[in-house]
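Please look over the model below before reading on. The text then goes through the domains, the ligand site and some backbone features.

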Amino acid sequence: MESSLNAARRAHDLDAARREVADLLVVGLGATGAGVALDAAARGLSVVAVDAHDLAFGTSRWSSKLIHGGLRYLASGKIGLARESAAERDVLLRHTAPHLVKAQPFLLPLTPAVTAATARKLMTGYRLGDVLRAAAGTPRKLVPGPSRLDPAGALDLVPALAADGLRGALRSYDGRVVDDARLVVALARTAAGHGARVLTRCRALGLAGDGAELRDELTGDAFTVRARAVVNATGVWAAGLAPEITLRPSRGTHLVLREGTLGPLKAAMHVPIPGESNRFLLVLPQSDGHVLVGLTDEPVEGPVPDVADVPDADVDFLLGTLNGVLAEPVSRDQVAGAHAGLRPLLDTGAGRTADLSRRHAVLRGEDGVVTVVGGKLTTYRRMAEDAVDAACPHARRSTTARLPLVGATRRGVRAPWRLVERYGSEAEDIAALIESNRALGAKVIPGGATTWAELVWAVRHEGALDEDDMLDRRTRIGLIAEDRRSALKVAHHVLSLEA
Ligand SMILES: Cc1cc2nc3c(=O)[nH]c(=O)nc-3n(C[C@H](O)[C@H](O)[C@H](O)COP(=O)(O)OP(=O)(O)OC[C@H]3O[C@@H](n4cnc5c(N)ncnc54)[C@H](O)[C@@H]3O)c2cc1C
């Protein structure tokens, strides 16, 4: 079954979805919903999966892009969750998405603010993280163990650190996905390859145990889709379709710095947040050269917006914490972009949102609709498996732990490394596009890395229906507003050529 998504397939599948009765209707196409669609389709079920906007429109594209090995859960004694995280990291790294997920080195600078006792405690934590790695079966050569570096070693990896009083650093490794939105696209396409009808721009207006009222957001047409089971995977918007659930959204903000702002960066960083025992500022170099600096954890009240705003206070907090460990401070006008995502945390009656459970929940409403919410990007597959088990108890067992996603290989692919990292084996197809038409090798913005060919690919195969899809989710040019403005004309031109 062909995994390509595009406007023609959407029209065909929309028409079929209106006529058929699917085994499963999935609402929401973030990592969770796309994972549910794949899990069910791979079990041989007929699936319709819809999103009000686009693949990865919601929280999934605003993550820190870490594929956690479970360490953060150990600190709070959540052993089961820690093991699950390490196991899922192994699945992604070794079996399902080796092209998109790899190990990322992290440095924790031992500044005067980190006492010797704290440093010992943190090192013990990293060593326990290494035990989780081994228990999950991940070879050490894929995710190396932790080590301590002297000041020269620390400054070699991150020369921007303030050398004054630096006692060295702790080096550890965790997983990282090259782009969270691309993971979702790969999931949705792999599901489509197993026959799922993946429909973007279809909003669920109301759910029932045997289907949903939907609206085609491109035409305004309302219609019904019938299904034997329904899963609500709308993340932070889930309570709008399942009133029995209460969520306490929490805002996580990242800053975007242009390549070079922090000088050469050979590692990411965990920077202890003054006054907090188990929270760190993250400095995350991206493969396109940008650096993300995150992240906040602030409760958000009121209606859930489509895209969260970034308050000045978040920018001040992140810059202030970062500048606390740098030789030269980063100024506000060096911040090229900022974005926020909302964590879909279930209200458990606990105190701060930072303390709310990160575990996922699968809940069945009185109407029979199964809602899957919470969790992490890292554990999307387990969430999906649990949701399908609950919604379709007679289906055969999940196969996704060993099911490679579209493009899942890095080895032996003959294409530029940047493309291989983002497209896996399909990098060869993009390189071939450029080979057949040199003009497609041009860069979308001067000095950027993204080529016209990637925009063409997004429209032909990745379900991009407009410029927003192309710039904000298939590529991430839109992370910097200035770059987005200069790319818009090219995106529009490519779209008109492909129409
Ligand atoms: C700042 C931040 C950083 C994070 N970092 C990490 C990290 O590094 N690693 C990690 O593992 N996890 C991380 N997480 C957690 C992780 O990102 C989320 O748990 C996960 O992405 C949630 O995915 P989801 O599919 O459940 O929700 P979403 O991605 O929000 O998807 C829900 C989808 O439902 C759609 N929708 C909503 N209403 C409707 C409707 N009525 N009809 C149809 N569709 C609808 C939306 O358009 C959206 O696309 C982070 C979270 C945040 C906020």
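A salt bridge here is a side-chain nitrogen of Lys or Arg within 4 Å of a carboxyl oxygen of Asp or Glu. By that rule, the interface of domain 1 and domain 2 has 0 salt bridges.

This is a predicted model, in which local features need pLDDT of at least 70, side-chain atom pairs count only at pLDDT 80 or more, and totals for chains, interfaces and linings use all residues. Residues are numbered from 1 along each chain as its sequence is written, and side-chain values use heavy atoms, with hydrogens and water left out.

The protein chain is assigned domain 1 (7-60 + 181-242 + 355-402), domain 2 (102-177 + 248-347) and domain 3 (417-498); such bounds come from an automatic or database domain assignment. Domain 1 contributes 15 residues to its contact with domain 2, and domain 2 contributes 13 residues, where contact means heavy atoms within 4.5 Å. The C-alpha centres of domain 1 and domain 2 are 32 Å apart.

About 1200 Å² is buried between domain 1 and domain 2, and carbon and sulfur atoms give 68% of that area. Buried area is the accessible area (1.4 Å probe) that two parts lose on being put together, summed over both. On the side of domain 1 that touches domain 2, strand S17 (360-364) and strand S18 (370-374) are the elements that give two or more residues; strands are DSSP runs of E, at least two residues long, numbered from the N terminus.

The ligand has 38 residues around it, and Thr32, Asp51, Ser60, Leu66 and Thr378 come nearest; a residue counts if one of its heavy atoms lies within 4 Å of the ligand. For threonine 59, a backbone N or O atom is 2.8 Å from a ligand oxygen atom. For leucine 66, a backbone N or O atom is 2.7 Å from a ligand nitrogen atom, and a polar backbone atom of alanine 204 is 2.9 Å from a nitrogen atom of the ligand.

Most residues other than glycine have a negative phi, and most peptide bonds are trans. Alanine 56, in the loop between strand S2 (47-50) and strand S3 (66-67), has a positive phi, near 60 degrees. Glycine 294 and leucine 295 are joined by a cis peptide bond with omega about -5 degrees. Leucine 295 is in the loop between strand S14 (291-294) and strand S15 (298-299).

Note on methods:
Helices (H or I, at least four residues) and strands (E, at least two) are DSSP runs, numbered from the N terminus. A polar contact is a pair of N or O atoms within 3.5 Å; within protein, one must be able to donate a hydrogen and the other to accept it, and residues adjacent in sequence count only if both atoms are side-chain atoms.
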